[in-house]
Structure formats: structure tokens, C-alpha cells
Number of protein chains: 2
Amino acid sequence: MVKITALDTYDVRFPTSRELDGSDAMNPDPDYSAAYVVLRTDDARHLAGHGFVFTIGRGNDVQKAALDALRPFVLGLTLDQVIGDLGGFANRLIGDSQLRWLGPEKGVMHMAIGALINAAWDLAARHAGKPLWRFIAELSPQQIVNVIDFRYLTDVLTPEQALALLRAAEPGKQERIGQLLAEGYPAYTTSPGWLGYSDEKMQRLAREAVADGFRTIKLKVGLNLDDDVRRCRLARATVGPDIHIAVDANQRWDVPQAIAWLHRLADANLAWIEEPTSPDDILAHATIRRAVAPTPVSTGEHTHNRVMFKQLFQAGAVDLVQIDAARVGGVNENLAILLLAAKFGVRVFPHAGGVGLCELVQHLAMADFIAISGKKEDRAIEFVDHLHEHFVHPVTIRHGRYIAPDAAGFSAQMHDRSIAEYSYPDGPAWHESADALRA
Amino acid sequence: MVKITALDTYDVRFPTSRELDGSDAMNPDPDYSAAYVVLRTDDARHLAGHGFVFTIGRGNDVQKAALDALRPFVLGLTLDQVIGDLGGFANRLIGDSQLRWLGPEKGVMHMAIGALINAAWDLAARHAGKPLWRFIAELSPQQIVNVIDFRYLTDVLTPEQALALLRAAEPGKQERIGQLLAEGYPAYTTSPGWLGYSDEKMQRLAREAVADGFRTIKLKVGLNLDDDVRRCRLARATVGPDIHIAVDANQRWDVPQAIAWLHRLADANLAWIEEPTSPDDILAHATIRRAVAPTPVSTGEHTHNRVMFKQLFQAGAVDLVQIDAARVGGVNENLAILLLAAKFGVRVFPHAGGVGLCELVQHLAMADFIAISGKKEDRAIEFVDHLHEHFVHPVTIRHGRYIAPDAAGFSAQMHDRSIAEYSYPDGPAWHESADALRA
């Protein structure tokens with residue numbers, strides 16, 4: 001009988017702040033990082049599950065401590081106790097009464113639990129020999145319902161309603177798998193739009209993005225209104241009328257400021273405004289959306305759990321949402337969120353970039369297309385082209401589209417050499433950094 | 001020039017689960033704990049500031065790790081850089097872009113930052129030689145406004161509006177200080193109502209509470225409906241018609257279940273129903289409130305920041321709220337919440353119990369009475385009679401009222417011997433526990 005023999009954790013940080021990649025109005029100098037977890041087994045094939053929390057530097061050690069606190073929950077379990085009941089496994093972690101006090105279901109502890117749950121799904125998909133998107137897509141509607149925690153959702157989505165929704169998506173599954181394999185899934189790119197970039201660099205990267213096949217680009221905004229007006233105009237002049245331009249304020253504004261700012265950007269014909277204000281402020285998003293219509297309003301990468309997504313939908317606060325593979329309670333909670341979005345007919349544009357977020361979230365979007373919403377051409381997964389080289393199965397982008405991964409698992413595994421090189425504070429990458437500073 | 005020389009942290013846990021004190025529908029076996037922080041200085045009088053995060057056991061080590069992560073933010077600061085600008089000090093911690101990713105403003109990292117901010121207020125009040133309630137009450141309206149972060153609040157409360165509200169409370173301050181010193185502040189007690197207690201124990205403790213002068217008692221509910229109906233009836237028969245009975249479901253229900261359950265308790269004439277569902281679910285509280293009126297609906301002890309409180313008020317989701325001294329971003333954020341409550345005319349019944357929560361939150365309620373709302377007799381601070389002996393300045397309760405503390409500071413300091421005895425996992429209290437289990 002195969003058992004879980006270890007939960008190993010790593011504090012891995014990349015010194016991205018040196019280049020201002022990833023700079024936006026709230027995050028001027030991120031060091032993209034991962035609190036990384038490996039669930040090891042005594043399986044003869046060295047079967048293991050990989051997962052991580054994405055952070056932007058300081059505090060990655062706190063996330064690692066939170067992962068370490070989960071060790072007693074998994075050591076000694078049989079493989080079947082983990083992957084044979086992925087719903088029960090998640091519920092025992094999320095429902096632990098003492099850990100729950102630290103949230104509930106939000107922040108450091110919830111993200112750590114989410115990473116461990118994702119590692120369990122990686123393990124399950126590897127054990128099944130399937131990429132995670134296919135592993136999920138080939139579960140039955142009842143199996144999907146069984147992994148979801150419907151607590152606090154039943155005023156808008158009961159297990160029975162979820163089952164009906166999933167069953168309605170059953171016809172055409174095989175056809176959609178064929179479409180996905182042939183066509184890939186639309187991507188959009190944020191690479192041109194970081195706030196730290198000059199106008200020239202932004203325009204050059206925007207031209208390259210269009211040439212590469214992307215149909216949507218995203219610019220960071222929110223630091224200086226005149227700059228934003230100019231950059232949106234330049235971007236429009238660069239990409240022409242047929243390419244979508246989204247903007248992202250990264251929570252920069254209060255309600256009155258958001259409305260005034262967006263009125264100045266009204267003629268930019270924006271695809272959406274992302275994170276105009278606090279991710280906690282459902283009512284503010286609803287107010288802003290009414291005031292700036294028809295500009296679509298969006299949030300979600302910091303939305304901390306399914307209860308918050310439920311309310312965004314109930315309040316009519318958003319036209320579309322981001323989901324994030326490493327913020328909420330793992331695959332299970334993201335499936336609940338995708339079901340809620342499908343029920344409300346809200347499009348999902350998954351958040352990616354960072355470290356490995358592209359690798360993870362593509363599986364959720366693809367599973368959604370096959371088994372839940374049945375849609376992909378009216379939405380797109382974010383793509384940022386950095387740090388993919390550290391992953392054993394990096395994403396493949398062709399002509400502005402994600403190609404469906406075929407390796408078994410969740411694409412979460414980092415190269416051992418990358419983990420060693422960028423371990424903080426003792427990895428060689430950080431020693432060189434310290435040496436350079438002293439020089 | 002006095003400097004901050006150390007940020008010391010301690011994982012202190014009390015084995016309360018052995019007695020079922022503190023048992024409720026969501027928390028069957030809490031070990032009341034504190035992730036404790038001391039801000040030390042090189043002041044000749046050994047001036048130090050104390051603060052803590054309250055947890056219920058597992059994960060207290062994660063909170064301690066989060067406190068440790070804050071050390072670089074304070075080591076080497078001058079005393080004046082901390083206590084001379086308590087607003088700037090708090091904003092630099094809460095606004096740190098990298099740490100912010102771990103919330104933002106919620107969960108483990110936000111609670112740790114709140115504990116450190118509280119330690120800074122303890123330091124400031126000790127330095128001024130005043131109990132914290134008086135230290136706050138004697139700040140000018142402008143000084144109070146200066147410590148508050150209005151980000152995400154200005155759609156309902158601007159600094160100017162806050163200033164006007166505080167100035168309106170200026171007349172009568174001295175008179176109210178006199179009243180507070182003479183009369184104390186009303187308390188209510190949860191001691192009779194833990195779910196693990198027998199009917200007889202509940203009735204005996206309820207009788208004792210009334211004899212001790214308490215005008216409100218609270219019962220835990222939510223595990224079994226018939227039990228709750230019986231316990232509410234027994235409690236009413238025990239205390240008579242003039243004592244208020246509140247109930248607390250500790251987030252146990254979904255919306256439809258909450259409404260059905262509360263309809264069965266409708267004839268109990270409840271003072272309020274606390275935490276009927278997820279603390280994140282603003283819209284659910286509004287729906288429940290409309291459905292169960294006139295039973296007052298309440299939440300707040302797990303409400304993670306001012307943005308959530310703002311929405312509870314905007315949505316008309318609550319009749320009253322709890323505040324918690326150790327969940328949000330310290331004194332600063334609680335002042336923002338008290339101002340919001342005053343603006344909306346919502347009564348505040350501070351959450352206490354646990355470890356040291358009574359000691360802390362009394363200061364905030366008393367400062368609110370003097371400087372913000374001007375009210376105390378239509379509200380009450382929770383009181384639970386355990387673990388006070390571990391504090392250097394424990395609360396004083398007389399005839400069901402909190403007596404205003406006169407020792408300088410925030411009453412947060414634990415006895416060194418308690419910290420040593422209950423340090424986890426190496427303190428003698430936990431060794432004995434392990435020994436007992438082995439025997």
C-alpha cells in the first residue's frame with residue numbers, strides 16, 4: 001500500500017525586481033517567488049505531487065511556515081486516502097477548526113492549504129497518467145460535485161443545480177476535447193504593459209504581441225492619469241482598432257477616483273478595467289460598473305474564496321472575472337467558482353504570469369471548456385513570458401494560444417536545479433546578489 | 001535617543017480543550033493561544049510594547065512566523081519613529097507591497113501586523129503614562145484622523161467627514177470620562193452558554209451571571225435545532241423576562257438554513273443572532289436580516305478589515321456589530337471601524353474572551369464612548385471569565401460592568417512566568433500534558 005512519506009517545502013525566490021518586470025501601480029518591485037511543496041510517496045516510481053503558493057517576495061517564508069504546519073495532516077496517509085477522496089481531503093484541511101481561525105478561508109493559511117490540495121490533484125493526475133485538464137474533464141458530473149464544498153453557496157448553487165449544469169455539458173465533451181487539441185485555447189498578454197516600461201518599449205512589445213498572434217493586450221494603469229491616457233492612445237495607434245486593449249489598476253483607486261479616472265479613459269474602447277479598487281469591495285465594484293458602463297469591470301486574482309465570487313455575481317458587480325490557481329483553496333474551490341461563473345453567464349479570463357501561474361491555470365480553463373462552460377473563444381488566459389524555463393513542463397504558446405499540455409499532472413513541477421539555485425536566502429542566485437551589492 | 005532593540009515573539013498555548021471551555025458549533029476543541037510579540041527598547045526604564053494575535057491552537061506557530069517576518073521593519077527605528085507617527089508606522093506595514101500580496105489586509109499576515117501595531121500603541125500609551133483608552137480619548141480629532149487609513153473608505157467616509165464627527169463628540173468628553181470612571185462600561189457574559197455544557201451547568205451559570213449583575217447572556221447555538229430551542233427556553237425560564245439573551249451560531253449555517261433555524265427560535269425574543277453564516281457573506285447577512293426581522297442580526301469578530309465592515313453597514317446587513325482587538329490591522333483600523341459604525345448609527349458589542357481579548361478590547365470601547373460615539377448604555381463588551389490570571393493588568397468586572405483600567409498601556413502584557421509555563425511545545429504545561437497522555 002503506497003503511503004505519503006514526506007511533505008517537503010522550499011522558499012524559492014527570483015530576483016525579478018532588478019528588471020522591473022511585473023511592476024504595476026501597487027507592486028513597484030516584486031521578486032516573484034514560490035512557497036513550494038512536494039508530497040512524496042514510497043511508490044516505486046517515485047510518484048510525487050507538486051504545488052506552490054505564488055508570492056512576490058517578502059513573506060514567502062511565512063507561506064512556507066504555513067505549508068510546514070500542514071505536515072501532520074498528510075504524513076502516513078495512504079495514497080488512496082489522498083487521491084481517492086479529493087473532496088474529503090480538501091474539506092478536512094479547510095475545515096480544521098483550529099486552522100480555520102486564521103482565516104477563515106483567506107490569506108496565508110488558505111493559500112497554503114490550496115497549494116497542498118493542488119499538489120494532491122497533481123498526484124492524482126500523475127497517478128492516472130493524464131494532464132490535469134483531461135483528468136478533471138473525464139470525471140463524471142457526480143464526481144465533480146463530490147469534490148466541491150457547497151457550504152455558503154446553497155442560496156445560489158445547490159449540489160443538485162451543479163449536477164444539472166454539469167450534465168447539460170456532457171454532450172459534446174469528446175468533440176470539445178478534439179477542438180482543444182486542434183486549436184489550443186486563446187491567450188492574452190500583459191508583457192507590453194508593465195508600468196516600469198518606456199513608451200517605446202511598450203509600443204515595440206505591443207507590435208510584437210500582435211505579430212505573435214495575440215488578440216488582446218493589457219496595460220497597467222493607475223499611477224498617473226495623463227500617462228495612462230497617453231499610453232492607451234499610443235497602444236491603440238500601435239495595435240489598430242481590431243485588437244482588444246484591457247487595463248489593470250491593481251486595486252489602486254477608491255470609488256470616486258476610479259469613476260473619474262475611467263471617464264477620462266472612456267474613449268479608449270477598453271476590453272475591461274481590472275481591479276479598479278479593493279478586491280474585498282463587492283459593492284464598490286457594483287457602483288463603479290454602473291457608473292462606467294459600457295466599460296466592462298473585472299476582478300478576481302485577489303478574490304480570496306468562493307463566497308466572495310458568489311457575491312460579485314449576485315451583486316452584478318463584474319462583467320468578467322479572473323481566477324487564480326494559487327490563491328483560493330485549490331482545484332476544488334476553483335471548480336466551485338467556475339460553476340458559479342457558468343451559472344451567472346460570466347466570462348472567465350484566468351490570471352497568470354508570476355511564477356508558474358500560467359502552467360497551473362491553463363488546466364482549469366481547459367477543464368472548464370470541456371466539462372463546465374463549454375466556451376473558450378469569448379475568453380482568454382493571461383500570458384506573461386517569463387520564468388517558464390524553471391518548469392519541467394512549461395506552457396507552450398503558439399500564435400497567441402495555449403497548446404493543451406499532454407504530460408501527466410498539473411505542470412507544477414519545478415526543476416530541482418532551479419529550486420536549488422533560487423532557494424532563499426541560501427541559493428547561489430541570492431549569494432551572487434549579495435556579492436554584487438557588496439562589490 | 002531611544003531605539004527599538006528587539007522584536008521578540010512567543011508561541012503561547014493554553015490547553016483549554018481539556019475542559020470544553022470555549023466549545024461552539026464550529027470550534028469543538030480550542031486550545032486558546034497567543035502569538036505574542038514584545039517590542040523592546042533601550043530606554044532606561046525598560047520601556048516595551050506588548051501585543052498578540054489570538055488563535056485557538058494549531059497555526060499559532062504560523063502567526064509567530066508572520067510576526068518574525070516583521071522584525072526588519074522595526075529594528076533600529078527610534079522610539080519617535082514608532083510612537084510619534086502611529087499612522088505612518090501602520091501604513092508602512094500594511095502598505096508593504098510584497099507582504100500585501102499575502103492578503104491583502106486579511107488573514108495571518110494582517111493579524112500579525114495588527115498585533116505589532118497594537119504593541120506600538122501599548123508602547124505609546126505607556127510612554128505617555130496613560131491607559132490606552134485615555135491616551136486615545138485625549139488625542140485631538142485631527143490626531144485621530146491622522147492615524148486612520150481612509151483608502152477604500154472615501155465613498156462613505158472621508159477624512160473631513162470623520163473630523164466633523166469627532167469634533168461633534170468633543171463637547172462632553174470630560175464629563176464622559178467622569179461617568180466612565182464612576183460607572184464602568186456594561187459587560188455581557190458568554191460563560192453560561194458553551195455548547196459542551198449540560199443544561200444544568202448552563203442554568204446554574206446563567207443564574208450566577210444574573211446574580212453577578214449581568215443584564216445580557218449569550219448562548220452558543222447551531223449544532224442541533226431541538227437542543228437550541230430547549231436551551232433557549234430553559235435559559236429564558238432561568239433568567240426571567242428582563243435579561244437579554246443573545247445567541248451565536250459561529251458561522252454554522254447557509255442562508256436557507258439560517259432563516260429556517262431562526263424562525264424556530266423566533267419566540268425566544270433574542271437580543272441578537274451572531275455570526276449566522278460566513279463572515280465574508282455581506283449579502284447573505286442582509287438577506288437573513290430581512291427574513292428574520294425583528295430578530296437583530298450581528299457579525300464582526302471574524303470580519304477581516306474596514307472594507308468589509310463598510311459594506312456590512314452600506315448593505316444594511318447588520319443591526320449591531322462585534323469588533324475584535326486582535327483580528328484587524330490594530331488600533332488604527334478599529335478606530336476607522338468605530339467611526340464607520342458611528343456614522344451609520346450601528347451599535348458595537350465588542351468580541352472578547354479567548355486569551356486577553358477582554359483586556360484589549362475594553363480600551364477601544366471606552367475610547368469610543370469618550371471620543372467617538374458618546375454611547376455606552378445601549379451596548380456591552382463581551383466577558384468570559386478565564387485566563388485573566390496570566391495578565392499583569394487583568395480586567396476588573398464589578399456588578400456586570402468593566403471598570404476602567406488605570407495602569408498605563410493596552411493591558412496586553414502577560415506575566416513572564418505564564419509565557420514560560422505555556423510556551424509551546426517546550427513549556428512545562430505541555431510537557432505535563434504529554435506525560436499525562438503517556439501515562
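These legends walk you through a few close-up views of a predicted model.

In this model, local features need pLDDT of at least 70 and side-chain atom pairs count only at pLDDT 80 or more, while totals for chains, interfaces and linings use all residues. Residues are numbered from 1 along each chain as its sequence is written, and chains are lettered from A, with ligands numbered from 1, in the order in which they are written.

**View 1. An open sheet in chain A is built from 3 strands.** Their order is β1-β2-β3, with antiparallel pairing. Strands (E, at least two residues) and helices (H or I, at least four) are DSSP runs numbered from the N terminus, and two strands pair if DSSP finds at least two bridges between them. Because β1 (4-13) and β3 (48-55) of chain A each have a single partner strand, one side of each is left without a neighbour in the sheet.

**View 2. Strand β2 of chain A (residues 33-41) meets β3(A).** The two run antiparallel and are joined by 8 bridges. Look for A:Val38, whose bridge partner in β3(A) is A:His50.

**View 3. Helix α1 of chain A (residues 60-68) packs on the sheet.** Helix α1 touches β1, β2 and β3 of chain A; a contact means C-beta atoms, placed from the backbone, within 7 Å. The direction of α1 makes about 175° with that of β1(A), where axes are lines fitted to C-alpha atoms (for helices, over the stretch in contact) and angles run from 0 to 180 degrees between N-to-C directions.

**View 4. Chain A can be laid on chain B by a turn of 180°.** The shift along the axis is 0.0 Å and the RMSD is 0.0 Å, with copies superposed by least squares on C-alpha atoms of residues with pLDDT of at least 70 in both. That is the relation of a two-fold axis. Of the residues of chain A, A:Gly107 comes closest to this rotation axis, at 2.2 Å (C-alpha).

Terms used. Contact = placed C-beta atoms within 7 Å.
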